[in-house]
Structure formats: structure tokens, C-alpha cells
Amino acid sequence: MTRLIRLVIFFGLMSFIATAQVRPEEGGHEFQVWTGGGHSVAGGTKETGVWNVGVRYGWILSAPHGPGFLKGRFEYAVDAVPAYLIFQPANTAYGVGFNPLGLKWNFERRGRLSPYLHLGGGVMFSNHNVPTYTNKVNFTPSAALGTHILGEKYNWSLELWYLHISNAGLGMLNPGLNTVQVRVGVGRFWRGKE
């Protein structure tokens, strides 16, 4: 794990040093591959870890607007999540998911950093009940605070991500699972047709 953290920091710094030219802009698009992991926190099932990997596609829908430091652009994004691993005391569940709702606010760029807030939601299907004794179909609302580290062609992202996994009453029991994760992604923005 320490080696992975060092590699992420190294490549993040290399992207930071590169001249930033590709950034979120109106009419542009985003593609990103990401991975994240974390552990359960208070408010739900305990002693559970989650790791996932996915891809994101986004459409930047607005020009910059808003007052002062809140100024930014609105982006709509979808995520495909081909791999969830949920490490529960009773078993390890494997799942897949799709997040069709991704509302992202890309704040104005600060040098080579482009901070953002993200609210999302989707569904996850797993081979075992998540949490144990509940359901194999769950909903996945989430919130994140992160930043893109813009490079010449590609960018890295680093975010703190809150993920709630719950069956929303589809099963008899619904204790839910709350996790806080660190997510790292690599991707790029590109301009729409001029």
C-alpha cells in the first residue's frame, strides 16, 4: 500500500509540474478511470471495508458563473463500476454498479488545481447480501470533495468520497453501510466542437 501511495504522489507531482492546458470548459467532456477504497464509519454497519474501480464520462454544461470563490462550471457525469469488493465479517461480496446521476461543480482553476464537489447516486448488484442478511440489490448515494491536478494532456484527481450503500427498504432489514474512501483517478478533459 505504501508503494502505491508513493506512485500516486510521484505521478501527481509530475502532472502538477507539467504545463496545464486541458481543463474543464463549457461544451467540453471528461473521461476518467478511477479507483478508491475505505472503511465503514459510524451510522451503519461496522467492520466493513470497500474497494471499487470505475470509469466516468462527463459533459461540462455551463460557462463559469457564481460569486467569488464559488465561481465554477456545472458538469453532469455517469459512472460505470465494474468492480466492488465489500470485505464483511461474514464474507467478501463482489458487485457491479452503475451511477447514472453525477452532479459535479468544477470550481474555477487555481493554477494547476481544479477543485470540485460531486453528488451522485446509482445502484449496485452483488453476489452476497450487503450488508450481511439484507439484500443483493443496493442503492449508492455519494458525495465527494476533490481536485483535479491538471497536466499537459492528462490529469490526476484525488478526492475524499463518502459512499452510502443501502437497499432503501427492498429487504426486511436495512442497516446500511457508510464508508469514507480516498479515490484516485487519471483522465482527461477535451474541448467540444468549436
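Trainee: Let's start with L103. Where is the place of L103?

Mentor: L103 sits in strand β4, which covers residues 92-107. Keep in mind that we're looking at a predicted model.

Trainee: Why is L103 called partly exposed?

Mentor: Its relative accessibility is 33%. Buried needs under 20% and exposed needs over 50%, so 33% counts as partly exposed.

Trainee: Which residues does L103 touch, leaving out those up to four places away in sequence?

Mentor: L103 touches F74, E75, Y76, L117, H118 and L119. Take L119: it is 16 residues from L103 along the chain, and the two C-alpha atoms are separated by 5.2 Å.

Trainee: Now H148. Which strand does H148 lie in, and what makes H148 buried?

Mentor: H148 lies in β7, residues 142-150. The relative accessibility of H148 is 0%, and the cut-off for buried is under 20%, so H148 counts as buried.

Trainee: What makes the pair of H148 and K104 a polar contact?

Mentor: The two side chains come to 2.9 Å. The cut-off for a pair of N or O atoms is within 3.5 Å, with one atom able to donate a hydrogen and the other to accept it, so the pair qualifies as a polar contact.

Trainee: Which other residues is H148 in contact with, its neighbours within four places aside?

Mentor: Besides K104, the list has E30, Q32, N106, R112, L113, S114, Y116, N155, W156, S157 and F189.

Trainee: On to T45. Where is the place of T45, and why is T45 called buried?

Mentor: T45 is in the loop between β1 and β2, with β2 spanning 49-60. Its relative accessible area is 19%, and buried means under 20%, so T45 counts as buried.

Trainee: What does the side chain of T45 reach?

Mentor: The T45 side chain reaches the backbone oxygen of G176 at 2.8 Å. Not counting residues up to four places away, T45 touches G176 along with S40, P131, P175 and L177.

Trainee: How many residues are in the largest nonpolar core, and which have the most contacts inside it?

Mentor: That core has 13 residues, and those with the most contacts inside it are Y84, I86, M124, V130, I165 and L177. β3 (72-87) and β8 (155-165) each supply at least two of its residues.

Trainee: What is V130 in contact with, neighbours within four places aside?

Mentor: V130 is in contact with I86, M124, I165 and L177, and also with Q88, A93, N135 and N138.

Trainee: Last one, the whole chain. How many helices and strands are there, and what share of residues counts as buried?

Mentor: The protein comes to 1 helix and 9 strands. Along the sequence, the pattern is α-β-β-β-β-β-β-β-β-β. Of the 194 residues, 43% count as buried.

Technical notes: Residues are numbered from 1 along each chain as its sequence is written. This is a predicted model: local features need pLDDT of at least 70, side-chain atom pairs count only at pLDDT 80 or more; totals for chains, interfaces and linings use all residues. Side-chain values use heavy atoms; hydrogens and water are left out. A nonpolar core is a set of buried Ala, Val, Leu, Ile, Met, Phe, Trp, Tyr and Cys residues joined through side-chain atoms within 4.5 Å. Buried means under 20% relative accessible area, exposed over 50%, partly exposed in between (1.4 Å probe, protein chains only). Helices (H or I, at least four residues) and strands (E, at least two) are DSSP runs, numbered from the N terminus. Contact means heavy atoms within 4.5 Å.
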